[in-house]
2 protein chains.
Amino acid sequence: MLPDFSDIEKAARRLERFAVRTPVIESPKLNAMTGGRILIKAECLQRTGSFKFRGAWNRISQLDAAAAPGGVVAYSSGNHAQGVAAAAEIRGLPALIVMPADTPRIKQDNARSYGAEVITYDRATQSREEIAQRYVKERGAVLVPPFDDPDIIAGQGTAGLELAEEAASRGVHLDDVLVCCSGGGLTAGVALAVEAKSPGTKVHTVEPEGFEDYARSLASGRIERNEKATGSICDALMAVSPGEMTFAINKRLLGEGLAVSDAEAAEAVRFAFEVLKLVAEPGGAVALAAVLTRRIATRDRAVGVILSGGNCDAGLYARILKREI
Amino acid sequence: MLPDFSDIEKAARRLERFAVRTPVIESPKLNAMTGGRILIKAECLQRTGSFKFRGAWNRISQLDAAAAPGGVVAYSSGNHAQGVAAAAEIRGLPALIVMPADTPRIKQDNARSYGAEVITYDRATQSREEIAQRYVKERGAVLVPPFDDPDIIAGQGTAGLELAEEAASRGVHLDDVLVCCSGGGLTAGVALAVEAKSPGTKVHTVEPEGFEDYARSLASGRIERNEKATGSICDALMAVSPGEMTFAINKRLLGEGLAVSDAEAAEAVRFAFEVLKLVAEPGGAVALAAVLTRRIATRDRAVGVILSGGNCDAGLYARILKREI
């Protein structure tokens, strides 16, 4: 069952008082540079530092706690882990996060800071799905998938709903909306919201170069896979292929997929630091990078940009600022 | 003539469409840590990266261009320079900024990026006031002072007005508002706005330790000076003494002045990076530092914090992230 716009409206009501209605930021400098109006949805300012809390809360707030005595389980080394952990903490449910053993300590600590239990596994020899499923059975827990789930998609879609509402309140009709894309949950939710609230607006995925599974899938009309699962600084965008459900939505609604290099993503992180004063992680900055590098026309146009997260390791961020990346 | 609240209301109307109505951000994590509600007015997201655009625009938007054929002159190495340059650019007026010769190149470039002319002087042998006055006479220009001016104070006060309005719209009565303080213009404006819109709320200055001229002046009832003019990472807060006009307002309205160390300011910069995902400069983060270090009671209280700017040199920021400061 694919979610539709009414599911996003319901999600928006569930998120009231729990999620941050993140600001939409316009930079006079960026507008002047691009000759257009660039509306930046600052999801780095969301609870847990990324949009992922939206989907996690939409899913977990509806859980029947009696039917899930073991709480929730998720596999993620990043933003989804924090979103699930924070949402479970609010509900008072236990959360178990399955992470690769080589995950930076800071990311493990972030999940634990929301009260989650963290289990590590060896990427080379173990399957995270099997480990997660074992805990689901042993504990009577519920798996919260990162993107291919109607409630997750609808929750992420609230970011697009808020962006469309805010653009309308400023008298702006968005020509395009650019969304960073990994498994496609945020993109699908945003595309559904935009279809309903901003007809005529084109939604585009933005991915790291070399990891354009979504762009290739949109072009071929069937699910394509990346050849590799690591090797970009955009660690938040490493899903190897579109989700079945997200692709079913996105292939109907999306324009051409875009891609930017790691160097361009890093430049966008620096731009966010220097001009916007927002902390962006590389994967969260690819849509901004696509604007800065003119992957899309901006002159006399209005473009929405989802700046999706700001959970960047301090060491990596310092290297980006020093132009070592 | 001291400004009053009606001047702030007029300034607010002048700033519409030109200044950013910056978001007030609440972090569930910070609220949980402090046991209160901390409302952060994110002035780092203001045009030019700090609140200074507010006062500069309020002053410069009212200038009679015919009476100032030479445009505007300001002396500042930092945020005031950018605010004045950006405001003059909008009006199409020339702007000349007088900066110490040892000002980092990036700050000179920032002022030039708004079309300003930059003149440098030798701190050891020349007086910036004399240089500025010479240009004022030679060119028929108007000096825009950094803080001791009714229009500047009223302009900065709009940040306090917006904070008070936003708190009220969330049903929050602020117990305290913490404001970083150098010459006292922002503080005076915020205090006037809060007096009118949030009666009973106490406003406090926050300064770098060793540079507590304002706290000492408030305690003694007369204008006191700092012994030194440099030596803190909070370069935005180095005015050597309160302004005459700002002190006349602040001594009537303010509670006790607070101070934090450079290390505490740096820790607040890191907190803004890690948790809030906002880029703060050290001087802009001292009010947040005062909350994080419990210089003020927060349990079951509501505290407004002005996060006043984010114009931090990338090299310094990288060192702060790496805990070298």
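Not counting residues up to four places away in sequence, Leu186(A) touches Phe51(A), Gln156(A), Ala159(A), Val179(A), Ile306(A) and Ser308(A), where two residues are in contact if their C-beta atoms, placed from the backbone, lie within 7 Å. The model is predicted, so local features are given only at pLDDT of at least 70 and side-chain atom pairs count only at pLDDT 80 or more, whereas totals for chains, interfaces and linings use all residues. Residues are numbered from 1 along each chain as its sequence is written, and chains are lettered from A and ligands numbered from 1 in the order in which they are written.

Leu186(A) is found in helix α8 (residues 185-197) of chain A; helices (H or I, at least four residues) and strands (E, at least two) are DSSP runs, numbered from the N terminus. With 31 other C-beta atoms within 10 Å, Leu186(A) is buried. A residue is termed buried if 20 or more other C-beta atoms lie within 10 Å of its own, exposed if 12 or fewer, and partly exposed in between, with C-beta atoms placed from the backbone. Lys322(A) is 136 residues from Leu186(A) in sequence, and the two C-alpha atoms are 31 Å apart in space.

Chain A has an average pLDDT of 96, and 100% of its residues score at least 70; pLDDT is the predictor's confidence in each residue, from 0 to 100. The model scores are ipTM 0.95 and pTM 0.96. Chain A is superposed on chain B by a rotation of 180 degrees with 0.0 Å of shift along its axis, at an RMSD of 0.0 Å. This is the relation of a two-fold axis, the superposition being by least squares on the C-alpha atoms of residues with pLDDT of at least 70 in both copies. Both copies use the same surface, since 100% of the contact residues of chain A recur in chain B.

In chain A, an open sheet of 6 strands has the order β1-β2-β10-β7-β8-β9, with mixed pairing; two strands pair if DSSP finds at least two bridges between them. Strands β1 (24-25) and β9 (258-260) of chain A stand at the edges with a single partner strand each, so one side of each is left without a neighbour in the sheet. Strands β7 (residues 176-180) and β10 (residues 302-307) of chain A run parallel and are joined by 3 bridges, and Val177(A) has Gly304(A) as its bridge partner in β10(A). Helix α9 (residues 213-220) of chain A lies across β8 (202-208) and β9 of chain A, at about 135 degrees to β8(A); axes are lines fitted to C-alpha atoms, for helices over the stretch in contact, and angles run from 0 to 180 degrees between N-to-C directions.

Two loop residues of chain A have a positive phi. Most residues other than glycine have a negative phi. Thr48(A), in the loop between β2 (37-42) and α3 (52-60) of chain A, has a phi near 70 degrees and counts as buried, with 30 C-beta neighbours inside 10 Å. Asp300(A), in the loop between α12 (286-292) and β10 of chain A, has a phi near 60 degrees but is exposed, with 10 other C-beta atoms within 10 Å.

In chain B, an open sheet of 4 strands has the order β5-β4-β3-β6, with parallel pairing. Its edges are β5 (117-121) and β6 (142-143) of chain B, each with a single partner strand, so one side of each is left without a neighbour in the sheet. Strands β3 (residues 72-75) and β4 (residues 95-100) of chain B run parallel and are joined by 4 bridges; in β4(B), Ala95(B) is the bridge partner of Val72(B) and Leu96(B) that of Val73(B). Val72(B) and Ala74(B) point one way from β3(B), Val73(B) and Tyr75(B) point the other way, and all are buried. Helix α4 (residues 79-91) of chain B lies across β3 and β4 of chain B, at about 165 degrees to β4(B).

Helix α3 (residues 52-60) of chain B is mostly covered, 9 of its 9 residues being buried. Among the elements that cover the buried residues of α3(B) are α1 (5-15), β3, α4, α7 (150-169) and α8 (185-197) of chain B. The largest nonpolar core has 222 residues, of which Val84(A), Leu307(A), Val84(B) and Leu307(B) touch the most other members; such a core is a set of buried Ala, Val, Leu, Ile, Met, Phe, Trp, Tyr and Cys residues joined through C-beta atoms within 7 Å. Leaving aside neighbours within four places in sequence, the contacts of Leu307(B) include Ile40(B), Ala42(B), Cys44(B), Ala272(B), Leu278(B) and Leu288(B).
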